[in-house]
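These entries record what I looked up in the structure shown below, taken topic by topic.

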Amino acid sequence: MEKLADETLKGEVDAVVAFHDGNVRAAITTLLLDCRHLRLELALTEGAMSRGMTRGWAPAFERR
């Protein structure tokens with residue numbers, strides 16, 4: 001399963017690193033900041049939406 005995920009994401013990983021001119025540290029930093037921003041957005045959305053709106057679905061901060 002992990003090998004399949006690596007193959008699927010290879011092009012995206014290459015694009016992210018290329019966008020940062022080969023600087024892997026800058027690419028990781030940007031991705032971590034994006035994750036932080038999305039977690040905040042998720043927390044705000046969770047507080048604003050009702051259970052009926054999503055038919056029982058609830059957002060999760062961690063992957064399941």
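I began with Ile-28, which I found in helix α2; helices (H or I, at least four residues) and strands (E, at least two) are DSSP runs, numbered from the N terminus. I was working with a predicted model, in which local features need pLDDT of at least 70, side-chain atom pairs count only at pLDDT 80 or more, and totals for chains, interfaces and linings use all residues. Residues are numbered from 1 along each chain as its sequence is written, and side-chain values use heavy atoms, with hydrogens and water left out.

I noted that Ile-28 is partly exposed, at 46% relative accessibility; the classes are buried under 20% relative accessible area, exposed over 50% and partly exposed in between (1.4 Å probe, protein chains only). Together with Val-24 and Leu-32, Ile-28 forms a nonpolar surface patch of about 280 Å² accessible area. Patches take residues with over 30% relative accessible area and no salt bridge, joining like charges within 9 Å and nonpolar side chains (Val, Leu, Ile, Met, Phe, Trp, Tyr) within 5 Å. Areas come from the Shrake-Rupley method with a 1.4 Å probe; for residues, only the protein chains shown count as cover.

**Whole protein**

I recorded two helices and zero strands. Of the 64 residues, 6% are buried. The protein exposes about 5900 Å², and carbon and sulfur atoms supply 61% of that area.

**Loop**

I then looked at Asp-21, in the loop between α1 (2-19) and α2 (24-48). Asp-21 has a positive phi of about 55 degrees although it is not a glycine. Asp-21 is exposed, at 72% relative accessible area.

**Salt bridge**

I found a count of one salt bridge, defined as a side-chain nitrogen of Lys or Arg within 4 Å of a carboxyl oxygen of Asp or Glu. Lys-10 pairs with Asp-14, their closest N and O atoms being 3.1 Å apart. The two are four residues apart in helix α1, and therefore separated by about one helical turn. Asp-14 is partly exposed, at 41% relative accessibility.

**Largest pocket**

Last, I looked up the pocket lining: Cys-35, Leu-38, Arg-39, Leu-42, Ala-60, Phe-61 and Arg-63 line the largest pocket. A pocket is an open set of points on a 1 Å grid over the protein atoms alone, where a 1.4 Å probe fits, with protein on both sides within 12 Å along at least five of seven lines; lining residues have an atom within 4 Å of a point.
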